[in-house]
Amino acid sequence: MLIESYDSISEGFKKNMNTKRKGFTLIELLVVIAIIGILATLAVVALQQARKNARDAKRIADVRQMQTALELYFNDNQYYPDAVTAGDTIASNGVTYMNIVPTAPTPADGTCTATSNEYVYTATGTVTGASYTIDFCLGGQTGGMTAGEKCATPGGIIESACADL
């Protein structure tokens with residue numbers, strides 16, 4: 001009798017093992033949703049950081065392009081222009097050195113404020129057009145340069161604001 005009941009239990013157990021489950025349990029679904037949520041959060045954070053780095057790289061590239069255009073202008077005219085405004089052209093005597101002077105990328109980030117997030121060109125020197133400065137701001141550390149206000153001159157980019165010169 002003991003053997004018969006053992007056999008019947010064993011057969012019932014085998015039948016239950018052979019039946020396949022259809023679908024996922026609630027716990028499995030919740031775990032998958034939580035993992036997807038964490039991965040999506042990490043992706044958004046990484047994307048925001050990449051955008052900040054791209055804005056700073058664009059700021060440096062814009063200023064270097066402006067410096068190149070100003071040096072070409074100086075080579076042809078023996079002086080720097082009196083004014084350079086974002087959206088305008090750097091040109092002289094029918095020669096265009098920069099078709100459109102760039103504007104700083106937005107939004108301002110890091111240590112930059114809305115007022116410091118622009119390229120400010122100033123003609124300097126004892127003689128008109130002898131030199132220039134371009135004041136701009138970096139939101140974060142980029143290419144070996146620290147965050148904060150920077151100053152571009154004919155000699156290069158300086159790690160301080162133009163007002164500090």
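This note goes through the strands, the core, the aromatic rings and some individual residues of the structure.

1. Basis of the note. The model is predicted: local features need pLDDT of at least 70, side-chain atom pairs count only at pLDDT 80 or more, and totals for chains, interfaces and linings use all residues. Residues are numbered from 1 along each chain as its sequence is written, and side-chain values use heavy atoms, with hydrogens and water left out.

2. The four-strand sheet. Strands E3, E4, E5 and E6 form an open sheet in that order, with antiparallel pairing. Strands (E, at least two residues) and helices (H or I, at least four) are DSSP runs numbered from the N terminus, and two strands pair if DSSP finds at least two bridges between them. Because E3 (120-124) and E6 (156-158) stand at the edges with a single partner strand each, one side of each is left without a neighbour in the sheet. From one strand to the next, the twist averages 25°. Axes are lines fitted to C-alpha atoms, for helices over the stretch in contact, and angles run from 0 to 180 degrees between N-to-C directions.

3. The pairing of E5 with E6, and the helix on the sheet. Strand E5 (residues 148-153) pairs with E6 in the antiparallel sense over three bridges. Thr-153 has Gly-156 in E6 as its bridge partner. Helix H2 packs on the sheet and touches E3, E4 (131-138), E5 and E6. The direction of H2 makes about 170° with that of E4. Contact here means heavy atoms within 4.5 Å.

4. The hairpin. Strands E1 (residues 90-92) and E2 (residues 95-98) run antiparallel and are joined by three bridges. Ala-91 has Thr-96 in E2 as its bridge partner. Two residues lie between the strands of this hairpin. In the turn, Asn-93 has a positive phi of about 50°, although Asn-93 is not a glycine. Asn-93 counts as exposed, because its relative accessibility is 73%; buried means under 20% relative accessible area, exposed over 50%, and partly exposed in between (1.4 Å probe, protein chains only).

5. The nonpolar core. Which residues touch the most other members of the largest nonpolar core? They are Leu-70, Ile-90, Tyr-119, Tyr-121 and Ile-134, in a core of 21 residues. H2, E2 and E4 are the elements that give two or more residues to this core, and H2 gives the most, with six. A nonpolar core is a set of buried Ala, Val, Leu, Ile, Met, Phe, Trp, Tyr and Cys residues joined through side-chain atoms within 4.5 Å. In soluble globular proteins, nonpolar side chains tend to be buried together.

6. The surroundings of Tyr-121. Leaving aside neighbours within four places in sequence, Tyr-121 is in contact with residues including Leu-70, Tyr-80, Val-84, Tyr-132 and Ile-134.

7. Aromatic pairs. The structure holds five aromatic pairs. Tyr-73 and Tyr-79 form an edge-to-face pair, with 5.9 Å centre to centre and 80° between the planes. Rings of Phe, Tyr and Trp (its six-membered ring) pair if their centres lie within 6.5 Å; planes under 30 degrees apart count as stacked, over 60 as edge-to-face and the rest as tilted. Tyr-73 is buried at a relative accessible area of 6%, whereas Tyr-79 is partly exposed at 36%. Tyr-80 and Tyr-132 also form an edge-to-face pair, with 4.8 Å centre to centre and 70° between the planes. This pair links distant parts of the chain, since Tyr-80 is in the loop between H2 and E1 and Tyr-132 is in strand E4, 52 residues apart. Both Tyr-80 and Tyr-132 are buried. Ring pairs link Phe-74, Tyr-80, Tyr-121 and Tyr-132 into a cluster.

8. Asp-62. Is Asp-62 buried or exposed? Its relative accessibility is 6%, so Asp-62 counts as buried. Asp-62 is found in helix H2 (residues 26-77). The side chain of Asp-62 makes a polar contact with the side chain of Tyr-119 at 2.8 Å. A polar contact is a pair of N or O atoms within 3.5 Å; within protein, one must be able to donate a hydrogen and the other to accept it, and residues adjacent in sequence count only if both atoms are side-chain atoms. Not counting residues up to four places away in sequence, Asp-62 touches Pro-102, Thr-103, Pro-105 and Tyr-119.

9. Backbone details. The peptide bond from Thr-106 to Pro-107 is cis, with omega near 0°. Pro-107 has its place in the loop between E2 and E3. Gln-78, in the loop between H2 and E1, has a positive phi near 65°. Gln-78 is exposed, with a relative accessible area of 56%.
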